[in-house]
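Please keep the sequence and the 3D view open as you go through the points.

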Amino acid sequence: MTLTRRTFPGFAALFSMPFAWVLLLLVVPYGIMISVGFWTRQFPLFYPDFQFGNYAQIFSDPQYTTVILRTLKIAALVTLGALALGFPLAYFLVFTVRSAALRNLLYMSVVVPLWVSYLLRAYTWKIILGTDGALNSLLVSTGIVSAPLDIFLYNQTAMVITLVYIFVPFMVMPLFTVLDNIPRRLIEASEDLGVGPFMTFWKVIVPLSLGGVIAGSTMTFCLAFGDFVAPVLVGGPDGTMVANLLQTQFGAALNWPLGSALATLVLVIVLVLLQISSRLDTAGRVELT
Amino acid sequence: MNEEKRGMSMKILKTALIAAMATASVLAQTATAMSAELNILTWEGYATEGFISKFEAASGCKVTAAYVGSNDDFAAKLAAGGGVYDIITPSLDTVPMMRLAGFVAPIDTAKVEGSADIYPEFSQNGDVVAEGSTWAVPLIWGSVSLIYRPDKFASKPDSIAVLFDPANKGKISMWDDKSALYWTARYLGYDNVFDLTDEQLEAVKAKLIEQKPLIRKYWASAGELTELMANQEVFVSNAWTGLTSKDVNNLKKGFEVVEFTPKEKAEGWMDSMMLVKDTPNEECAYKFMSFMQSPDGQCGIAESTGYFPVNPKAVAGCMDEQMKKDRQVDNVEFVKSLVMWQQPKRLDKYLEVWNAVKAAP
């Protein structure tokens with residue numbers, strides 16, 4: 001339908017706000033970020049330019065690839081951890097808990113930590129995992145170890161634990177939704193045909209829940225990939241992630257052009273991941289007819 | 001009853017709304033009343049209630065302070081959004097860069113009461129007075145030394161080597177700052193720490209990367225180091241002399257931390273106040289710089305930090321003899337026993353090396 005003069009004011013009233021939002025807060029900033037990535041730095045200032053020096057630096061200096069690979073590894077571990085915890089939890093909520101009231105209560109208790117400040121929740125892990133922390137007090141008082149261990153905090157394991165805890169609701173929410181939408185008659189039919197519980201799970205429930213697995217994993221992965229708080233709070237000297245690198249380039253190192261080039265690269269990585277995830281989602285879709 | 005309840009909650013909601021609007025308008029008013037406020041970007045302990053309230057009462061200027069964790073934060077914060085701060089207090093090694101980057105304005109020393117009594121070693125320093133103008137008003141000085149837990153070491157360490165000793169694996173911390181390069185360079189025996197050659201920088205970088213598995217955590221603020229020490233996460237680190245030991249020992253955790261100067265020397269620094277270019281609060285800024293040279297200002301900041309005053313005349317009447325001795329009053333010669341910070345000749349190269357160390361596995 002073409003716009004006629006009569007519908008234009010209505011169209012403008014409805015869509016001008018979201019359009020302005022997308023333009024001013026997404027398109028323009030991304031444009032600025034991408035173009036600053038080609039600028040030149042002359043310490044301590046930087047000048048508009050068009051050259052690929054910043055990208056050359058990112059790919060030639062091993063420190064950037066090291067950090068990007070480390071970030072991908074941490075994000076992958078966090079996603080696996082969240083899936084390993086989130087799937088059984090969502091399954092339990094949907095199929096095992098019979099009372100709807102109890103199910104809602106349990107579901108809310110998974111989601112409710114999102115209302116508490118992220119910083120506070122991450123900081124809590126410091127108190128749990130520290131040398132003088134809660135976990136060590138427990139281990140020492142029960143006699144499992146004789147002296148507090150310092151292996152829990154300030155390393156990549158602590159970062160993965162903290163991030164799994166923080167992002168697990170983002171995994172549970174889509175999984176809960178897809179599992180809850182699986183028609184019970186399909187499971188009954190499978191059982192009527194003499195298929196055992198494990199094969200029913202594997203052949204019926206898993207394929208039908210793939211959409212939720214992909215949605216939850218994508219969200220968890222992207223959130224973990226961009227995190228910069230866990231490395232600062234519970235990470236050790238080998239915990240620097242790509243977002244910390246960005247922070248440094250825009251902060252202490254005062255190299256906005258390099259920072260912008262790096263941010264553009266991060267954007268590309270995330271877009272590629274989203275593309276893969278949407279392909280997987282389409283490929284794994286099962287028609288419920 | 002129900003109706004009444006609803007009425008009550010409506011009333012509470014209304015009150016809350018009015019309170020919120022009132023707060024917003026008060027905030028807006030303070031924002032417009034430019035002449036009566038002062039925003040300082042400074043270090044922890046440099047704007048504590050004790051002496052700042054005296055300044056606010058005397059000048060009528062409301063002080064808002066934000067804090068930095070290292071000298072590299074000043075340029076970053078000013079580049080990101082100038083105009084928010086009126087006074088910054090970088091260390092001497094960062095003063096030239098603030099001027100070269102055009103972040104600060106020259107200072108009219110005639111408007112700073114008491115500035116004539118500052119140690120000339122500081123007030124006439126080649127980076128403080130440059131291009132025929134004065135760019136900074138010295139505020140406080142001190143050293144960066146090592147801090148350790150005597151109960152965890154068989155003998156008292158005397159060298160920077162303690163930070164690189166595999167025996168202390170997992171119990172070492174270091175300041176997350178380019179000065180890690182200065183410490184390592186001294187440990188490696190280089191005496192040109194602010195002008196290292198490429199080969200020397202490579203050696204320093206290799207040594208720091210080799211040290212990484214021994215490090216529990218790089219500390220980013222004095223508060224973080226205090227926490228690491230108090231929670232027994234680390235036993236030895238470099239630290240801002242005076243501040244961390246005072247804070248940790250005040251917590252009375254059942255152990256003590258002690259500072260020491262390694263044989264490779266401790267580092268010396270001097271922080272000074274710089275006037276941010278085009279500040280709308282210039283009058284308050286000058287009042288503040290004058291106040292900080294007064295007995296209340298110099299003794300106030302010396303007490304809250306454990307550092308050394310730059311104005312011996314100001315502290316003459318407000319410090320006892322023991323404290324004067326501890327804080328090196330009238331002993332500016334002490335400077336010569338320290339490696340005084342300077343801006344590295346190739347500052348960006350130093351920052352790059354430090355960032356590469358942090359990114360390394």
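1. Start where the chains meet. This is a predicted model. In it, 22 residues of chain A are in contact with 27 residues of chain B. Helix H3 (62-96) and helix H11 (242-250) of chain A each supply at least two residues to the side that touches chain B. That side of chain A splits into 11 nonpolar, eight polar and three charged residues.

2. Now look at chain A by itself. It has 12 helices and two strands. From the N terminus, the order is α-β-β-α-α-α-α-α-α-α-α-α-α-α. The radius of gyration of chain A is 24 Å, well over the 19 Å that the globule rule gives for 289 residues, so chain A is more spread out than a compact globule. Its C-alpha atoms fill a box of roughly 75 × 70 × 35 Å along the principal axes.

3. Next, burial and contacts. Of the 289 residues of chain A, 33% count as buried. Take the contacts in chain A between residues at least 6 apart in sequence: 72% of them join residues at least 24 apart.

4. Which residues have the most contacts inside the largest nonpolar core? They are B:Ile87, B:Met274 and B:Phe288, in a core of 101 residues. Strand E7 (residues 137-148) of chain B gives the most to this core, with eight residues. Domain 1 (32-140 + 270-330) and domain 2 (142-267 + 343-359) of chain B each contribute at least three residues to this core.

5. Zoom in on B:Met274. Leaving out residues up to four places away in sequence, B:Met274 touches B:Ile87, B:Ile88 and B:Trp135, among others.

6. Finally, find the second, separate core. This core has 52 residues, including A:Leu129, A:Leu163, A:Leu208 and A:Leu233.

Key. Residues numbered from 1 in each chain as written. Chains lettered and ligands numbered in written order. Predicted model: local features only at pLDDT ≥ 70, side-chain atom pairs only at ≥ 80, totals over all residues. Helix = DSSP H or I, 4+ residues; strand = E, 2+ residues; numbered from the N terminus. Rg over C-alpha atoms; globule rule 2.2 N^0.38 Å. Buried ≥ 20, exposed ≤ 12 C-beta atoms within 10 Å, placed from the backbone. Contact = placed C-beta atoms within 7 Å. Nonpolar A, V, L, I, M, F, W, Y, C, P; charged D, E, K, R; others polar. Core = buried A, V, L, I, M, F, W, Y, C linked by C-beta atoms within 7 Å. Domains from an automatic or database assignment.
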